[in-house]
Each structure stands twice: as C-alpha cells, then as structure tokens.
Amino acid sequence: MIRIICGFFIACFCVMTLHAQQNVIDEVLWIVGDDAILRSDVENVRMQMQYDGERIQGDPECVIPERIAVKKLYLHQAKLDSIVPNEVQIAQSVDMWINYVMNQIGSREKMEEYFGKSLPTIRDERREVVRDQQIVSEMQRSIVGDLKITPSEVRAFYDKWPQDSLPFVPTSVEVQILSVEPKIPFEETDAIKARLREFTDKINKGEMEFSTLARLYSEDPESAKRGGELGFLGKGNLLPEFANVAFNLNDPKKVSKIVETEYGFHIIQLIEKRGDRVNCRHILLRPKVSEKETEIAMSKLDSLRSDIIDGKFSFEEATAVISTDKETRNNKGIMVNNNPESSYYGTSRFAMHELPQEIARQVDALQPGEFSPVFHMVNEKQKEIIAIIKLKSRIEGHKANLTDDFQAIKAIVEERKKDEVLLDWIKQKQQSTYIRVNKENADCDFVYPGWIKKN
C-alpha cells in the first residue's frame, strides 16, 4: 500500500503536460502544513498517469491529491531531520532517464519538441522529481529502521493465511551452464578494424559526419538511432576499456583510437564533458563467427559432453577449466538471477519465463541432473556462444508453502510490517500537521482517512 508512493514520483513529472497546463485555471485544493496542492498539480499527475497507461483505482479527484499530500508529509519531516540527498546519484538517475526518453523519441531535437521545453529545463524539472523521490525513500527507511523478522513470525503469518488464498508459485529452476565462444579468425578482426579506420578517415576528411556513419553502420541499435550518442555517463556506467579512452578525449573534432571491449570494436567521439560524466558518440562493429568455426566449436563441446557423461570428469570441473563465461566459470557454472524485478533476485533460482528463451527451451526437456545437447545461442551481450546446460534442480509449480518458499513468504511479512509502521507514522503526522481539504473532497474514500479532522 505504502509502496505506491515510489511509483507515483514518475507521474509527478510534469514536463509532458505543458499544453494541458495552459488550459487549467489554478486554484488551491489542499493545504498540507505550509504547502499548497494546486489543481494544476493534480492535472499534471492525471495526464502523466494516462500517458503511462496507469489505471487509477478510485476517483482521481480523491486519489491524486492524497498521493501528493503523503509525499509532502515525508518531505516536511525529512527537512526537519536534515536528510540530505545524494546529488551524484540524482545526476546519474536523471541522465539515465533522459537517455532512455531520448532513445524512445529518437533525438534531442524531437525530445525538446515533444516536451515543448529545452533540454536544460527538462533536466532541471526531472532533477527535482528524482530528488524528492530519493528524499522520501530515505525518510521511509529512517522511519522503518532495522526491521527484523523472526522465523516464528513468518510461520505465524503463514498459519493464519487462508489455504484457499495461498498464492500459486510457478515452476522454478536452478541452472548450470558451460559455454564457449567460437574462435574468430584474425582475418575477420582485421577486416573490422580496417572498416573502422576507413570510417575515421572519412570523418577526419570531412566527407561524412560521425553521427551519420553511426546511424548507418553501428551495431549498437539503441545508440545508432541517436547517431551513436550515449548520453552523460560516469565511469562506473561504462566498461573500463571504453571509459579509459572516452574520459581521455578532449577534442570533439577528434576520433579515438579503436577500442576493443567484450561487445566488439568501437571508435569514439567526444560530445561534452561535465564534471565526472561524459557524453560521447560511438560506432560499434562486432566480428562475425563463421559457420565453419561454429561447427568446430560445437563438435569439440559435444565430445566434452560425452566425456562428462562417461564420468571422465564432472560438469563442474569442465566448467572451471573450459567455460569462457567469467560470470559463471568460477561458480560451478551456476547462473544467478540478476533481474531486480524478480522475487528470486540475487539467487540461483529462476522462474522459467525469466530464463533466456533458448536456455528455457533446453531446460524444459530436462530432469534434475541431466545435460542438454550442445546448442548455439546469442547471449545478452549479443555474442554467439556454444553451450551445454545442466539442470541442477526444479521445483514444480505449487501453492506457496514454508518448505519451498520460506524466503518469499518472509519478504511478504517484511513488506506488510513496513507498511504497518509507515501507516502508523502517517496517521500521527496527520494529527500533528495543519491540513485543509477542499469541500469537493470531503466525502472521498481515502486510503488514510485522517485528512479531514472532525471538530
């Protein structure tokens, strides 16, 4: 219930509603402490929610002002508690958001046209939204404190849970992978470098713009749409090899030397430096694996699979020596779930739909302890790999139980307990804060009914 506040901040971002504002006659709807909630504030949020496709549960004239009011309670207390936001994180978040929107729209010019504002103005308004979001999150963490949930509390919660309303937990698996990259001939690598040198010559001679070549030839599809532009990024957001070159560029007219990363080969052009962040363009070309080299790699891995099945060495031993995937090689090949939206985030467990499609297809045919045939796929870095999968474990879809789902149930208990703490805090703040609600909202069915104080 309380977590709706975090998602709400994006809706508060009002740059997309410029034209709507021109038609709104402002008036004060609520007062919370020293702050007013204006009709234009509510209208901005309503328009943004419609843009995002978010369905409003209830009367918008009641739901939206209440959300804004809750945010103001948190911000007021944060000011009293001297909570200071992390400006570096705010800047990074704003840059990521702008890069994402620019990618969706197509260019800076189109973005400014769409919003009806200059990019600096869009950036400043977004910064305020992100700053408020961060402050509220810090305030909530401060209120909740170091919440501890004991196993007995988890069991008590589960025991009171009506059996007919227990959630269904879909099938989950643990997967080990042994993967190798087919050899890329020197001739292919040399051809890639020669092509990038050709691009550099054309740019230096003024025959073509870097951005034009990026749109035509770069194999990074997202940045290619923007003429290779990556947007402002810090060193931590870039691969080390790339960052070392990008941050050493000083002349926007110069093109970098060829840079090799795990994604392929790049050339880079500086656009602008701003403190500890840099905005640059790049052109990426990826070496192609020949059919012959793919067949050779598959044949070798197939022989290795036979040796594993024959017991000459274990899957784990082979992975530690042969696998080229550095993320799983030293972990017995076990894949880790890096999806922050997953209830299994940070663990070795995946719901089937969370696996890459080709891996899921192989896993679906296996029993625990079995190996897949050798197969070919493109990984998340767009590299061709040859792989073998071992299914470590499978838990079939079932109704939630303490044996298989203790951590997931514990997480639910923790969230509910946090909600209770925050709910009590909001109730207390409603009583100690001056609040005036307009007559139109007097009969609203609020989530937190303490807004209208009885005489």
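Predicted model: local features only at pLDDT ≥ 70, side-chain atom pairs only at ≥ 80, totals over all residues.
Glu153 is partly exposed, with a relative accessible area of 28%. The side chain of Glu153 meets that of Lys417 in a salt bridge, with a distance of 2.5 Å from N to O. Glu153 belongs to helix H8 (residues 151-160) and Lys417 to helix H17 (residues 402-432), so this pair ties together parts of the chain that are 264 residues apart in sequence. Lys417 is likewise partly exposed, at 26% relative accessible area. Both values fall between the limits of 20% and 50% that separate buried from exposed residues.

Side chains of opposite charge can pair when their charged atoms come close. In the whole structure, a search finds 26 salt bridges. One of them joins Asp95 to Arg277, whose closest N and O atoms are 2.1 Å apart. This pair also links distant parts of the chain, since Asp95 lies in helix H5 (residues 87-105) and Arg277 in strand S8 (residues 277-285), 182 residues apart. Asp95 has a relative accessibility of 2% and therefore counts as buried. Arg277, at 13%, counts as buried too. The threshold behind both assignments is a relative accessible area under 20%.

A further salt bridge is formed by the side chains of Lys312 and Asp307, at 3.3 Å from N to O. Here the two partners fall into separate classes of accessibility: Lys312 is exposed, with a relative accessible area of 59%, whereas Asp307 counts as partly exposed at 22%. Salt bridges can also share partners, and in this way Glu27, Arg39 and Glu440 are joined into one network.

Aromatic side chains were considered next. A pair of aromatic rings is described by the distance of the centres and the angle of the planes. The count comes to eight aromatic pairs. In the pair of Tyr114 and Phe115, the ring centres are 5.6 Å apart and the planes stand at 70°, so the arrangement is edge-to-face; the angle required for this class is over 60 degrees. Although these two residues follow one another in the numbering, their surroundings are assigned to separate classes. Tyr114 is partly exposed, with a relative accessible area of 43%, while Phe115 counts as buried at 1%.

Phe315 and Phe371 form a stacked pair, with 5.7 Å from centre to centre and 20° between the planes. Phe315 lies in helix H14 (residues 315-322) and Phe371 in the loop between H16 and S10, so the pair ties together parts that are 56 residues apart in sequence. Phe315 counts as buried, because its relative accessibility is 2%. Ring pairs also link Trp30, Phe446 and Trp451 into a cluster.

Aromatic rings take part in contacts with charged groups as well. The charged end of Lys235 sits over the ring of Phe247, 5.4 Å from the ring centre. Arg274 lies over the face of Phe232, and in this case the distance to the ring centre is 4.1 Å.

Helix H16 (residues 357-364) has Ile359, Ala360, Gln362 and Val363 as its buried residues. These residues cover an arc of only 160° around the axis, which means that they lie on the same side of H16. On the other side of the helix, Gln357 and Asp364 are exposed. The elements that cover the buried residues of H16 include strand S4 (172-180), strand S10 (375-378) and strand S11 (384-395). An α-helix has 3.6 residues a turn, so residues three or four places apart point the same way.

Finally, the backbone was inspected. Most residues other than glycine have a negative phi. Ser82, however, has a phi near 55°, a positive value in a residue other than glycine. Ser82 is placed in the loop between helix H4 (60-80) and H5, and counts as exposed at 56% relative accessibility. Lys332 also has a positive phi, near 60°. The loop that holds Lys332 runs between helix H15 (326-329) and strand S9 (349-351). Lys332 is exposed, with a relative accessible area of 55%.

Conventions
Heavy atoms only, no water. Buried < 20%, exposed > 50% of the residue type's maximum accessible area, 1.4 Å probe, protein only. Helix = DSSP H or I, 4+ residues; strand = E, 2+ residues; numbered from the N terminus. Arc of directions from axis to C-beta. Contact = heavy atoms within 4.5 Å. Salt bridge = Lys/Arg side-chain N within 4 Å of Asp/Glu carboxyl O. Phe/Tyr/Trp six-rings, centres within 6.5 Å; stacked < 30°, edge-to-face > 60°. Lys NZ or Arg CZ within 6 Å of the ring centre and 35° of its normal.
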